[in-house]
Amino acid sequence: MKRLAIAALVAACLLLQLISAGACPPSSPDGIGKFHMGREIAKVMGHEGIDWLERDSREDEEASSRADAALDLKPDDVVADIGAGSGFHTFRIAPMVPKGRVVAVDIQPEMLTCLETRAKQLGHPNVEPHLGAIDGVRLPSDSIDLALMVDAYHEFSHPAEMLQSLMQALRPGGRVVLLEYRAEDPQVPIKPLHKMSEAQIRKELEAAGFIWKTTHAFLPWQHMVVFEKPKR
Ligand SMILES: C[S@@+](CC[C@H](N)C(=O)[O-])C[C@H]1O[C@@H](n2cnc3c(N)ncnc32)[C@H](O)[C@@H]1O
């Protein structure tokens with residue numbers, strides 16, 4: 001009788017383990033196995049992907065110039081391009097803020113080396129490469145007017161911590177703009193973990209305390225979602 005009870009207990013424990021394993025969302029080969037607010041975080045695109053970021057077809061596919069124009073920047077704005085990569089957007093934005101600057105933040109030193117070389121080649125003294133951390137931008141408090149994240153946020157391994165550090169780095173009333181490939185649109189030819197729905201973006205940014213202002217729908221592949229840091 002005692003043996004039977006022990007066997008039943010072991011079986012129950014195994015069953016419980018199986019049930020709880022089944023309750024975990026399955027992870028994808030493109031993800032890091034960590035979930036944030038119901039979404040699996042994508043693996044970081046390595047610096048080996050620079051050619052893809054700088055592909056000739058990108059302007060046609062993403063209408064990047066229209067996206068940057070819609071940022072509606074003032075000449076003296078300080079912009080942080082978070083997850084700047086090789087600087088595809090950084091170098092388009094730099095001439096829009098001749099009296100300000102673009103802080104190009106990335107966690108891959110190889111990306112920053114590329115950015116530094118290009119800043120010299122293209123003659124952009126107002127581009128400042130900056131090494132961030134996986135859990136924070138490492139920028140002074142109240143030092144930036146706009147944080148831009150293009151195809152980057154979905155890769156942040158510590159999204160909540162990154163947003164918290166951005167909240168600190170932005171001036172009151174400062175803006176956060178996310179460009180992410182539309183998860184709602186199966187025609188957008190990008191892997192699922194590298195896309196985000198508008199609802200998911202809003203859920204995560206609003207949970208971090210940002211105020212949603214607008215979502216632009218004019219880009220061919222991406223959402224452009226604009227938030228604001230509360231004005232104290
Ligand atoms: C897909 S690339 C996009 C690069 C660029 N924004 C563009 O549109 O060409 C994403 C970049 O985000 C960077 N990244 C990932 N996690 C980061 C973090 N926590 N802080 C800053 N950059 C990060 C990666 O190193 C990579 O360069």
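This is a predicted model: local features need pLDDT of at least 70, side-chain atom pairs count only at pLDDT 80 or more; totals for chains, interfaces and linings use all residues.
Residue numbers start from 1 along each chain as its sequence is written.

**View 1. The protein as a whole.** The protein has eight helices and 10 strands; helices (H or I, at least four residues) and strands (E, at least two) are DSSP runs, numbered from the N terminus. Of its 232 residues, 35% count as buried. Here a residue is buried if 20 or more other C-beta atoms lie within 10 Å of its own, exposed if 12 or fewer, and partly exposed in between, with C-beta atoms placed from the backbone. Among contacts with a separation of 6 or more, 66% join residues 24 or more positions apart; a contact means that two C-beta atoms, placed from the backbone, lie within 7 Å.

**View 2. Strand 4 and its two partners.** Why is strand 4 (residues 101–106) largely enclosed by the rest of the structure? Six of its six residues are buried, so the strand is largely enclosed. In a regular strand the side chains alternate between the two faces of the sheet. Here R101, V103 and V105 point one way, V102, A104 and D106 point the other way, and all are buried. Strand 3 (residues 78–82) pairs with strand 4 in the parallel sense over five bridges, where pairing requires DSSP to find at least two bridges between two strands. In that pairing, I82 stands opposite V105. Strand 4 also pairs with strand 5 (residues 127–131), in the parallel sense and over five bridges. V103 stands opposite E128 in strand 5. Between strand 4 and strand 5 the chain passes through helix 6 (residues 109–122), making a right-handed β-α-β crossover. Right-handed means that, with the strands pointing away from the viewer, the path from the first strand over the helix to the second runs clockwise. Back in the pairing with strand 5, D106 has L131 as its bridge partner.

**View 3. The largest nonpolar core around A80.** Which members of the 51-residue core touch the most other members? They are V79, A80, I144 and A147. Strand 6 (residues 144–150) gives the most to this core, with six residues. Such a core is a set of buried Ala, Val, Leu, Ile, Met, Phe, Trp, Tyr and Cys residues joined through C-beta atoms within 7 Å. Setting aside neighbours within four places in sequence, A80 is in contact with V103, V105, V137, L139, I144, A147 and A169.

**View 4. The loop between strand 5 and strand 6.** R138 has a positive phi of about 55° although it is not a glycine, and it is exposed, with 12 other C-beta atoms within 10 Å. A133 is found in this loop too. With 13 C-beta neighbours inside 10 Å, A133 counts as partly exposed. Apart from residues up to four places away in sequence, A133 touches I107 and R138. The C-alpha atoms of A133 and Q108, 25 residues apart along the chain, are separated by 9.3 Å.

View 5. M37, in the loop between strand 1 (31–36) and strand 2, has a positive phi near 50°. It is exposed, with 10 other C-beta atoms within 10 Å. E48 belongs to the loop between strand 2 (39–42) and helix 2 (50–53). Is E48 buried or exposed? E48 is exposed, with 8 other C-beta atoms within 10 Å. From E48 to M111, C-alpha to C-alpha, the distance is 9.5 Å across 63 residues of sequence. E206, in helix 8 (residues 198–207), counts as exposed with 12 C-beta neighbours inside 10 Å.
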